[in-house]
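Here is a quick briefing to read alongside the model. Have the sequence and the 3D view open as you go.

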Amino acid sequence: MPDNNTEYRAKYTQIMEIPAPDDLINGWYTASHIVLTGTGDILRGTLLMSTGSGTFTPATSAGISSADELAILCDDVLGLEEGMTAKAEGYFSGEFLGTRVILSYETAEDTHSELIETIRATLRKHKLMLK
């Protein structure tokens, strides 16, 4: 029979192997494969818009209202060079924390919460619900 110390270590190891809770997703979601264009590092949580040619790119403030589809990037895509594409996954619907959604057009002078409020209704139309 194992002693208490051995049993404690086994339980601690099991707990440490559980992944940390996701702080972008706040409930249900649907995701699908996409083709991503852009340059540099595009981080998980970046708001994406369709380009019309079957690809997605980081959303612009003007493009959000006219894009056919919007999505949120599932995982980081690092080192994307100009003219190149990458296979990735995007969230097409679900509940997300607005504080974790990345807007590529946001500047240091902008207030993130105000930018999120201006696009909240548009995102809702695309089934992207923000908390």
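What pattern does the protein chain follow when read along the sequence? It goes α-β-β-β-β-α-β-β-β-α-β, with 3 helices and 8 strands in the chain. Helices (H or I, at least four residues) and strands (E, at least two) are DSSP runs, numbered from the N terminus.

This is a predicted model, so a few ground rules apply: local features need pLDDT of at least 70, side-chain atom pairs count only at pLDDT 80 or more, and totals for chains, interfaces and linings use all residues. Residues are numbered from 1 along each chain as its sequence is written, and side-chain values use heavy atoms, with hydrogens and water left out.

**The chain as a whole**

- Of the 131 residues in the protein chain, 37% count as buried. Buried means under 20% relative accessible area, exposed means over 50%, and partly exposed is in between (1.4 Å probe, protein chains only).
- The protein chain exposes about 8,300 Å², and carbon and sulfur atoms supply 53% of that. These areas come from the Shrake-Rupley method with a 1.4 Å probe; for residues, only the protein chains shown count as cover.
- Take the contacts between residues at least 6 apart in sequence: 63% of them join residues at least 24 apart. Contact here means heavy atoms within 4.5 Å.

**Helix α3**

- Helix α3 covers residues 112–125, which is 14 residues. From first C-alpha to last it reaches 20 Å, close to the 20 Å expected at 1.5 Å a residue. The expected span is 1.5 Å times one less than the number of residues.
- Where is the kink in α3 centred? It is centred on I119, with an angle of about 45°. The bend at a residue is the angle between axes fitted to the seven residues ending there and the seven starting there.
- The buried residues of α3 are H112, L115, I116, I119, R120 and L123. Their cover includes β3 (47–50), α2 (63–66), β5 (70–73) and β8 (128–130).
- Just after α3, K127 takes a positive phi of about 65°.

**Salt bridges**

- Side chains of opposite charge can pair when their charged atoms come close. The cut-off used here is a side-chain nitrogen of Lys or Arg within 4 Å of a carboxyl oxygen of Asp or Glu.
- How many salt bridges turn up in a search of the whole structure? The search finds 2.
- D23 is partly exposed at 39% relative accessibility, and R100 is partly exposed at 41%.

**Aromatic pairs**

- Rings of Phe, Tyr and Trp (its six-membered ring) pair if their centres lie within 6.5 Å; planes under 30 degrees apart count as stacked, over 60 as edge-to-face and the rest as tilted. By this rule the count is 3 aromatic pairs.
- Y29 and Y91 make an edge-to-face pair, 5.2 Å centre to centre with 80° between the planes. The pair links distant parts of the chain, with Y29 in strand β1 and Y91 in strand β7, 62 residues apart.
- Y29 is partly exposed, with a relative accessible area of 45%, while Y91 is buried at 6% relative accessibility.
- F56 and F92 also pair edge-to-face, at 5.6 Å centre to centre and 80° between the planes. F56 lies in strand β4 (residues 56–58) and F92 in strand β7, so this pair ties together parts 36 residues apart in sequence.
- F56 counts as buried, at 6% relative accessibility.

- F96 lies in strand β7 and is buried at 0% relative accessibility. With Y29 and Y91, F96 forms one aromatic cluster.
- Leaving out residues up to four places away in sequence, F96 touches residues including L24, I72, L128 and M129.
- L73, in strand β5, is buried with a relative accessible area of 0%. Leaving out residues up to four places away in sequence, its contacts include I34, L48, A88 and Y91.
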